[in-house]
Amino acid sequence: MAGVAPAPVRLVLGEEELLVERAVQDVAAEVRAGEAGAELRRYRAGELSPVDLADALSPSLFADARVVVVASAHEAGKELATAIAEQAADVADGITLVVTHAGGARNKALADTLRAKGATVVRCDRLTRPEERADFVRSEVRRAGGKIAPDAVGVLIEAVGSDLRELASAAGQLVADTGGTVDEKAVRRYHRGRAETTGFAVADKVVAGDRAGALEALRWALVLGVPPVLVADALADAVRTLAKVGSAGRGDPNRLAGALGMPPWKVRKAQGQVRSWRPEALADAVALTAQLNADVKGASPEPAYALERAVLLLCAARGLR
């Protein structure tokens, strides 16, 4: 709002680096909307002394606007943590203090103190749930001025992975390349090479019973450096999804999504796939992926062989009638 001074202390809580950086940039933009020449100073708590902090927060002769960022405050020593809390209680006019904190137990008392002193809190927690990443993709496409088809969201996540920086970059690039309308065909066209090297691609071939395609995708993934653990996780996720959707019975994907804890597009996709799997085959597949998880984490001396064997057995299980 015009004429309203920015809140003097901001606490950015969470470990999602992209969101933390954006939160800092948003504060800087807010301050600069009122003071175009406002300076942005960044410090890392592990390299900052109480004296340096006091100097950074001291008002200038001409009361110039300034944004002071103390990053990774969970790394602060006892003296610096005390200094941050004291300085936050009396920030000089024209200065905005931004403290970023991972949000865990380490130095939690400092975060609690800043919150109690009235700091404006911005949450930047990691996005771990599939629906959260799907929401992020949709928001990134809107941020870039485009729109994305529902089915394209899941395809993009499978192709790019869960890293938010890469998802944001891919979303922005797709909007630019397609003229603003992103559909499944566009995602597959622009990300074909990468999608074919992920564990999700291997899992999709296995679920479909495409033995030759699954082996080819697996070999390419390993050649291009995809960690065996990620391939095993993708296979386990695909099998768990089939088992959950299969046990839920038929129904509206939008209604089942909440109960199953997955986005509607994923429920819809699994409903089409699970028809080709007998319950006994799914039970065998769950056991196979559990053993594979142990194999790629050290139980087997040859993770690549364990993956290939699991792919063959999973495809065989799917084909049993």
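This is a predicted model: local features need pLDDT of at least 70, side-chain atom pairs count only at pLDDT 80 or more; totals for chains, interfaces and linings use all residues.
Strands of a sheet pair through backbone hydrogen bonds, either parallel or antiparallel. Here, 5 strands make up an open sheet, the pairing is parallel, and the order reads 2-3-4-1-5. At the edges sit strand 2 (39-44) and strand 5 (120-123), each of which pairs on one side only. Going from one strand to the next, the twist averages 20°. Strand 2 finds its partner in strand 3 (residues 66-71), and the two run in the parallel sense over 6 bridges. Within this part of the sheet, R41 stands opposite V68 in strand 3.

Two helices that lie on the sheet come next. Helix 1 packs on the sheet and touches strand 1 (9-13), strand 2, strand 3, strand 4 (95-101) and strand 5. The direction of helix 1 makes about 175° with that of strand 4. Helix 4 (residues 108-116) packs on the sheet too, and its contacts are with strand 1, strand 4 and strand 5. For helix 4, the angle is given against strand 1, and it comes to about 140°.

Helix 1 also has a helical neighbour. Two packed helices are described by the angle between their axes and the distance between the axes. For helix 1 (residues 17-34) and helix 7 (residues 164-178), the angle is about 70° and the axes are 8 Å apart. Angles of 65 to 115 degrees count as roughly perpendicular, so helix 1 is roughly perpendicular to helix 7. On the helix 1 side, the contact is made by E17, L18, L19, E21 and R22, while helix 7 brings in L164, R165 and A168.

Side chains of opposite charge can pair when their charged atoms come close. Searching the whole structure turns up 18 salt bridges. E21 counts as partly exposed because its relative accessibility is 27%. R42 is partly exposed as well, at 43% relative accessibility.

A second pair spans a stretch of 65 residues, from D204 in helix 10 (residues 199-207) to K269 in helix 14 (residues 264-274). The side chains of D204 and K269 meet in a salt bridge at 3.2 Å, N to O. With a relative accessible area of 28%, D204 is partly exposed, and K269, at 29%, is partly exposed too.

K205 takes part in another salt bridge, this time with D210, and here the closest N and O atoms are 3.9 Å apart. A salt bridge calls for a nitrogen within 4 Å of a carboxyl oxygen, so the pair qualifies. K205 has 35% relative accessibility and therefore counts as partly exposed. D210 falls into the partly exposed class at 32%. Finally, E15, E16 and R126 are joined in a network of salt bridges.

Conventions
Residues are numbered from 1 along each chain as its sequence is written. Side-chain values use heavy atoms; hydrogens and water are left out. Axes are lines fitted to C-alpha atoms, for helices over the stretch in contact, and angles run from 0 to 180 degrees between N-to-C directions. Helices (H or I, at least four residues) and strands (E, at least two) are DSSP runs, numbered from the N terminus. Angles under 35 degrees count as roughly parallel, over 145 as roughly antiparallel, 65 to 115 as roughly perpendicular and the rest as oblique. Contact means heavy atoms within 4.5 Å. Two strands pair if DSSP finds at least two bridges between them. Buried means under 20% relative accessible area, exposed over 50%, partly exposed in between (1.4 Å probe, protein chains only).
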